[in-house]
Amino acid sequence: MTKHRVLIAFLFTIASLGLAQNAAAACTLDISAADMLVFDKTSLEVERSCGEVTVNFKHTGQLAKTVMGHNWVLVASADDIQPVAMDGMAAGIDNSYVKPGDPRVLAASDVIGAGESTSVTFSLDTLTASEYTYFCSFPGHWAMMKGTLTIK
Ligand code: CO
């Protein structure tokens with residue numbers, strides 16, 4: 001009887017650890033881009049219950065960030081892409097092509113190049129809509145390089 005209980009407790013612990021790992025994984029999103037004007041994913045999804053989300057972004061290409069740099073920028077909708085990108089271009093690479101303090105930018109990573117990785121963590125508290133747009137604000141990339149973040 002006692003052995004039986006210990007076994008059940010043990011199995012329960014293993015199951016709980018498994019669930020915790022799954023929950024953590026779902027609140028962390030992985031996305032990448034190579035030497036083309038495209039992300040490897042045109043859509044990402046996260047559960048609202050995560051509270052905050054971390055986006056891990058990897059450059060899987062060969063080209064330097066000054067030539068084929070990429071970043072991951074979150075805005076409310078596709079209508080924001082062009083004006084935010086124009087202001088980002090003016091802000092330059094030292095600002096990762098994002099205007100400092102731009103209120104339209106909800107989250108943004110650094111610009112990265114060949115083989116580099118970066119990540120950005122942000123709260124979902126103020127993101128009350130169910131759909132947002134992400135794009136790369138490197139000059140000339142915004143028209144092609146974009147996707148949709150859905151908060152479920
Ligand atoms: Co890019």
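User: In helix H3, which residues are buried?

Analyst: This is a predicted model, and in its helix H3 (residues 81–91) the buried ones are Ile 81, Val 84, Ala 85 and Gly 88.

User: What makes you say that the buried residues of H3 line one face of the helix?

Analyst: Look down the axis of H3: the buried residues fall within an arc of 100°, so they line one face. As for what covers them, that includes strand S4 (73–75), strand S7 (131–135) and strand S8 (146–151). After H3 comes Gly 92, with a positive phi near 85°.

User: Why does Trp 72 count as buried?

Analyst: The cut-off is under 20% relative accessible area. Trp 72 has 0% relative accessibility, so it counts as buried. Phe 122 passes too, because its relative accessibility is 7%.

User: Why is the pair of Trp 72 and Phe 122 called stacked?

Analyst: Two checks here. Ring centres have to lie within 6.5 Å to pair, and planes under 30 degrees apart count as stacked. For Trp 72 and Phe 122 the centres are 5.9 Å apart and the planes sit at 25°, so the pair is stacked. It also links distant parts of the chain: Trp 72 is in the loop between helix H2 (65–68) and S4, while Phe 122 is in strand S6, 50 residues apart.

User: How many aromatic pairs are there, and which residues form the aromatic cluster?

Analyst: The count comes to five pairs. One aromatic cluster is formed by Phe 39, Phe 57, Trp 72, Phe 122 and Tyr 134.

User: Which members of the largest nonpolar core touch the most other members?

Analyst: That core has 28 residues, and the ones touching the most other members are Phe 39, Trp 72, Leu 74, Phe 122 and Leu 149. At least two residues each come from strand S1 (28–33), strand S2 (43–46), strand S3 (52–59), strand S6 (117–123), S7 and S8. Another core, of eight residues, lies apart from it; Val 73, Val 75, Val 105 and Phe 135 are among them.

User: What is Phe 122 in contact with, leaving aside its neighbours within four places in sequence?

Analyst: Phe 122 is in contact with Glu 52, Val 53, Val 55, Trp 72, Leu 74, Ala 107, Leu 127 and Leu 149.

User: In the open sheet of five strands, what makes S2 and strand S5 edges?

Analyst: The order is S2-S8-S7-S4-S5, with mixed pairing. S2 and S5 (107–108) each have a single partner strand, so one side of each is left without a neighbour in the sheet.

User: How do you know that S4 and S5 pair?

Analyst: Pairing takes at least two bridges. S4 and S5 have two bridges, in the antiparallel sense, and Val 73 stands opposite Ala 108 in S5. H3 packs on this sheet, touching S4, S7 and S8, and its direction makes about 35° with that of S7.

User: Which strands form the open sheet of three, and in what order?

Analyst: The order is S1-S3-S6, again with mixed pairing. S1 and S6 each have a single partner strand, so they stand at the edges with one side left without a neighbour in the sheet. From one strand to the next, the twist averages 20°.

User: How many bridges join S3 to S6?

Analyst: Seven, and the two strands run antiparallel. At least two are needed to pair. Among the residues involved, Val 55 has Val 120 in S6 as its bridge partner.

Notes: Residues are numbered from 1 along each chain as its sequence is written. This is a predicted model: local features need pLDDT of at least 70, side-chain atom pairs count only at pLDDT 80 or more; totals for chains, interfaces and linings use all residues. Side-chain values use heavy atoms; hydrogens and water are left out. Buried means under 20% relative accessible area, exposed over 50%, partly exposed in between (1.4 Å probe, protein chains only). Helices (H or I, at least four residues) and strands (E, at least two) are DSSP runs, numbered from the N terminus. The arc is that of the directions from the helix axis to the C-beta atoms. Contact means heavy atoms within 4.5 Å. A nonpolar core is a set of buried Ala, Val, Leu, Ile, Met, Phe, Trp, Tyr and Cys residues joined through side-chain atoms within 4.5 Å. Rings of Phe, Tyr and Trp (its six-membered ring) pair if their centres lie within 6.5 Å; planes under 30 degrees apart count as stacked, over 60 as edge-to-face and the rest as tilted. Axes are lines fitted to C-alpha atoms, for helices over the stretch in contact, and angles run from 0 to 180 degrees between N-to-C directions.
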